[in-house]
Amino acid sequence: MAADMRFAAAGETWLSQPETRMGIFPGGGTQYLTRLVGRARALEAVLGAELFGTGMAERYGWINRALAPDELDVFVDSLAHRIGALTAGVAEAAKQAIDAAEASGPVPDLTEEAQAHAKVYPAPQPVVERMGRAVAAGAQTREGELALEELLDGLA
């Protein structure tokens, strides 16, 4: 649960917090699970101690996605390659900003996000040029957003 992203093989993965059935409660699991699924669902999982299939775990936010077993490695590898291809510092800065958003509670604190932006701006010239091509190709139009993945693939 402490991982940044969690993926599971549909029909072959089950999650549970069975500790309460043994007379204890999950160490750390209460903290991580509550952040992932919310208080009520964390209470259900911890106090109910039942097995959750990947469908329910995905709906609750316990995992990012449940994928067919034969698609899992392909998806995760593809995602890892896309993240690995990002401009240096972008993933770290985005994660910093997202972590700050989570920690700020219901009212956003944009100070941390501004500090994260400072790590990647001014952007290197190839990034500026790629952004210019994306805007020129319609990335900020309704049609461009509907076809954004194809549009961005064409700019790589």
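The buried residues of helix α2 are covered by elements that include α1 (29-37) and β3 (52-53). Buried here means under 20% relative accessible area, and exposed over 50% (1.4 Å probe, protein chains only). Helices (H or I, at least four residues) and strands (E, at least two) are DSSP runs, numbered from the N terminus. The model is predicted: local features need pLDDT of at least 70, side-chain atom pairs count only at pLDDT 80 or more, and totals for chains, interfaces and linings use all residues. Residues are numbered from 1 along each chain as its sequence is written, and side-chain values use heavy atoms, with hydrogens and water left out.

In α2 (residues 39-48), the buried residues are Ala42, Ala45 and Val46. They fall within an arc of 90 degrees, viewed down the axis of α2, and so line one face of the helix. The arc is taken from the directions from the helix axis to the C-beta atoms. Ala40 and Leu47 are exposed on the other side of α2. Just after α2, alanine 49 adopts a positive phi of about 50 degrees.

The axes of α1 and α2 cross at roughly 130 degrees and come within 7 Å. Axes are lines fitted to C-alpha atoms, for helices over the stretch in contact, with angles from 0 to 180 degrees between N-to-C directions. Leu33, Thr34 and Val37 of α1 meet Arg39, Arg41, Ala42, Ala45 and Val46 of α2, contact being heavy atoms within 4.5 Å. The residues of this contact divide into five nonpolar, one polar and two charged.

Methods. Nonpolar A, V, L, I, M, F, W, Y, C, P; charged D, E, K, R; others polar.
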